[in-house]
Each structure stands twice: as C-alpha cells, then as structure tokens.
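Please keep the sequence and the 3D view at hand while reading.

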Amino acid sequence: MSQTPAPSANPEIQPYFEALRDGKLLIKACTQCRQPHFYPRAGCPFCFSDTTEWLESRGTGTIYAYSVLQAAKDLPVLAYVTLDEGPTLMTSIVDSPPSALSNGAAVRLVVRPGADGALAPMFTLI
Amino acid sequence: MSIRGKACIAGIYEHPTRKADGLSLAQIHAEVARGALADAGLSKDDVDGYFCAGDAPGLGPMNMVEYLNLKPRHVDSTDTGGSSYVLAVGHAAAAIALGKCSVALITLAGRPRAAGQSQVRPAPGATADAPFEAPFNPVIATMYGAAANRHMHEFGTTSEQLAWIKVAASHHAQHNPHAMLRNVVTVEDVLNSPMVADPLHRLDCCVISDGGGAIVLVAPEVARSLKRPVVSIRGAGEAIKHSAGGRIDLTYSGAVWSGPRAFEEAGVRPSDIQYASIYDSFTITVLMTLEDLGFCAKGQGGRFVADGNLISGHGKLPFNTDGGGLCNNHPGNRGGMTKVLEAVRQLRGEAHPAVQVPNCALALAHGTGGSLGTRHGSATVILERQ
C-alpha cells in the first residue's frame, strides 16, 4: 500500500540504514552552526546551510512521551525519546513492560526490525 | 491589506448522511454544493471560485470542477487534512478581497464507513519523514495519546478533565437528530469506557462517519443582495506545526500561531468570542487548542473545561453545539468543514434552540488537520454577524 521506496534507494539517508545494520544510530549535525538534527537531511534545517555530517549517537536518552495501544499490547510501545545529543525522535520501546514506563526514564538503543520490515532505532529501559 | 469585512458566508449545507451506502464520493460533493448554493439563493453558474482538498477525487480541483460542470476563474486545493476547509475559508476570503472571484464554493465529502476503511490513514507517498516513522506503527490514537501523556506530565492534566469535553459535546448532541451519538454521558462513563491508547479512552475519540458539507462565500455586496443573514469573515490565520528538526514539543499545537494571526486581523480578543467550534478529533485536541488560542493560560486547559464550562447555557464558552466530531460526525476523517458550519448556524441564530447562544455576534472556528504527534495544519477563522 505504501509507495515509500526501500530505504536503501534513497542516497540521502543510506548511511543511516547501513549504520543500523551495525547496531548504531546516526543523526546529523551541521558543519556550520554545529546543531544536531533528526530526521537526517543533507542540509541543515536550522541555519539552512547545505553541508551536514553524520554523527553517531551515544544511543542513550530519556522517554519524552509514550502511549500504549491497548488493542496491540504485545507490539512495541509508541514513544518519543530525547537523545542525550538533543534531538527528540519517534521510536518504540521494546523489552520493557508498559507498566514500567515513565516520562523521563533513561533508555538505551536497541536496533530491531520495524513494522515496515526495515531495521529501526528502538529503545529499552536501562 | 486585510480580508476583514471583505467576504461573507452566504450559504452552508451539511449532508445528513452518516453512512453513505449507495452514494459516490463525487455525488456527495455535488449534493452538498447543491445544498449550500440553494441556501444562499445562488445557482451553479454564479460560482466563479472553487475550493477543495485531498478528499476530492481526482487531480487537485480539476476532476470535481468537471463533474460539477463549473467554470471557475480561481481554484485552490490546498490540503492540510481536516483543517483544510477552515483554511479554505481564509483563502476564499482573500481571493474575493483581491477580486479573483466573487462566489466561492468549498466542498468536502467522505465515505470511509461505506468503503469499509478503518480510521487508520493511508500511508503517505515517498515523503522524507516516512522511513523515520513507519517502523514504529504510529496510529493516530497513539500519537494523540502521547501528546496527552506529555500534557498530563507537564501540567497535571487529568483524565477527568479531558472527559468533561466529551460530556459537554454529548449534552449538545442530544438535540441533534443527525448526530451519531446522542446519549448524554458522564465523566464516569468516559473513564469507564475501554482504554484505546492510554491515556485516551474510547469516549475521548471522535466518531468515524461518512458525509460532507459545503460553504459558499461571496463578496459583501452580493451577500447584502441575498435574503440570508450576513456572516462576515473578520479574520483568518493559518500555520503548519511539525517536528522541527527534532525539537519536538507535543504540548502545544499550531493554534499558537494561527490563533493570534486571526485575532490580530479581526481586532478582537479571545474573551470577545461568544461561541467556539474547536476541532475535536480527540478530547486532548480541544483542551490543547483552547490553551493555544488564548482562552486560558497554557497548562490551565484542564481547569478551564471542567465542570461543564463548554456546555451551552451553562458554561462560559459554548463549544461544538452540534455535538462536534466527538458525537455528531467527522466526515471522511476531516472535521474542519462542520466546525465552520455550526459557527455560521450560531451567528445566524439557526442552531438548535436548546444550544443557541443568545445574540451570538462573534464566533470562532478552528481546524487541526494531520497529527499532533508529527505534523499538522492549523487554521483559525473569526466570523461576525453583520
């Protein structure tokens, strides 16, 4: 149903998916204003420079918000995690019971296949 | 330049169906167009501006213009989801103010129930954001649930407070014979309904319905020649809120930008508004929007909506007196059209007598289309009875 091309077909974000295969999360930082952003773009969304570089996230952060879909409790929990580098991203919380989650809880990166079949950065409680 | 006083809403129509078996999508567009033109006392051939959004079948406005056999000299098919039709009121008023058209028709139609579609939106095309969202299966309910979760965390908002929004809508819907949910509910009813995407219960969610609606806007001199109450566009504002490069804040909506723009153009304040149609995809949408529009301070929405403050005849800010998306309808998962329609009824004195705001002269309609959890269009219009 989705017309989204296979991630590897998009050269702008190909390194992101290659890094996920190594268990790493890449974000982007601007070479001019130095500010990190997500999702990754070839140009900076803040100062609008056209040069950004990949930055490996430490893979740690905190839960900003989350919601458990009751009809699918066995699926990963939709969440937003604020990385220690600054950006907040949509993600899933896995391997942690929903009842144990809380805003501000510390989490670390785990790479798993997402609902679309592609590897994705998910998080688990530390 | 301002659109203030430069355009008027002369005709409105809301389709009575809530499940459009036997009706095509284009047919519903035509039926609501026919209804709004008849309400205005105008004919198809008077229409020289046509406005639609993504629900219109075809390429932009072209296929519907052909189906309706219109000959417009101005068209606009800007799609900002459910807020499109509130946004279109502002765009149509601007086009009329500039002389680009003099009779503007806006239509909406949807038939997700008859088509057997779920509330889950179809995946977008090859957008830059999709690879960073699709893996996490972000259904609309969990994205709004996450927004509610964060609002509760930061401001202490409670499920009981959110429930009051549904309670108020149900008090209004009992008087609407077309409303899908006409039973008056209590706070306890909402809290006891099944959890869908915590902290949102089933009764925190809007209905899914078929249907549609249409609006006819005209130049003021045309409006005065028609035998209908004159409802003038006093101000309009629009905005897009998104994930901002990862600087995500789920506690506010694009209404923080579209609202002040509309109020500034209208030259009025929130305290001047006598009736408000607030987009109500979920109860949290209403609570957050009321704060963002300035009806109360940020974080105080829970206190503001509690104890029936949104119930007509009882509270300070009567809202969604047709029952809104929470109880009446949400045609094609796009609720902005019906927000404008009920505001016009209030200004004309044509709302149900049980919910009519006495001497309603200044009203607001607000649309939020897309998702609070990713990106959404926000449109605010302020309407005035002349």
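This is a predicted model: local features need pLDDT of at least 70, side-chain atom pairs count only at pLDDT 80 or more; totals for chains, interfaces and linings use all residues.

How many bridges join strand S1 of chain A to S2(A)? Two bridges do so, and the two strands, of which S1(A) spans residues 26-30, run antiparallel.

- Strands of chain A build an open sheet of three, ordered S2-S1-S3, with antiparallel pairing.
- Its edges are strand S2 (36-37) and strand S3 (52-56) of chain A, each of which pairs on one side only.
- Within this sheet, Lys28(A) lies opposite His37(A) of S2(A).

**Helices H5 and H9 of chain B**
- Helix H5 (residues 159-173) of chain B packs against helix H9 (residues 283-293) of chain B at an angle of about 100 degrees, and their axes are 9 Å apart.
- Because of this angle, H5(B) is roughly perpendicular to H9(B).
- From H5(B), Leu162(B), Ile165(B) and Lys166(B) meet Thr283(B), Ile284(B), Val286(B) and Leu287(B) of H9(B).

**Helices H8 and H9 of chain B**
- Helix H8 (residues 255-266) of chain B crosses H9(B) at roughly 45 degrees, with the axes coming within 8 Å.
- H8(B) is therefore oblique to H9(B), and the crossing is right-handed.
- Ala255(B), Val256(B), Gly259(B) and Phe263(B) of H8(B) make the contact with Thr289(B), Asp292(B) and Leu293(B) of H9(B).
- The residues of the contact between H8(B) and H9(B) comprise four nonpolar, two polar and one charged.

How values were computed
Residues are numbered from 1 along each chain as its sequence is written. Chains are lettered from A and ligands numbered from 1 in the order in which they are written. Side-chain values use heavy atoms; hydrogens and water are left out. Axes are lines fitted to C-alpha atoms, for helices over the stretch in contact, and angles run from 0 to 180 degrees between N-to-C directions. Helices (H or I, at least four residues) and strands (E, at least two) are DSSP runs, numbered from the N terminus. Angles under 35 degrees count as roughly parallel, over 145 as roughly antiparallel, 65 to 115 as roughly perpendicular and the rest as oblique. Contact means heavy atoms within 4.5 Å. Two strands pair if DSSP finds at least two bridges between them. A crossing is left-handed if the near helix is turned anticlockwise from the far one by less than a right angle, and right-handed if clockwise. Ala, Val, Leu, Ile, Met, Phe, Trp, Tyr, Cys and Pro count as nonpolar, Asp, Glu, Lys and Arg as charged, and the others, Gly among them, as polar.
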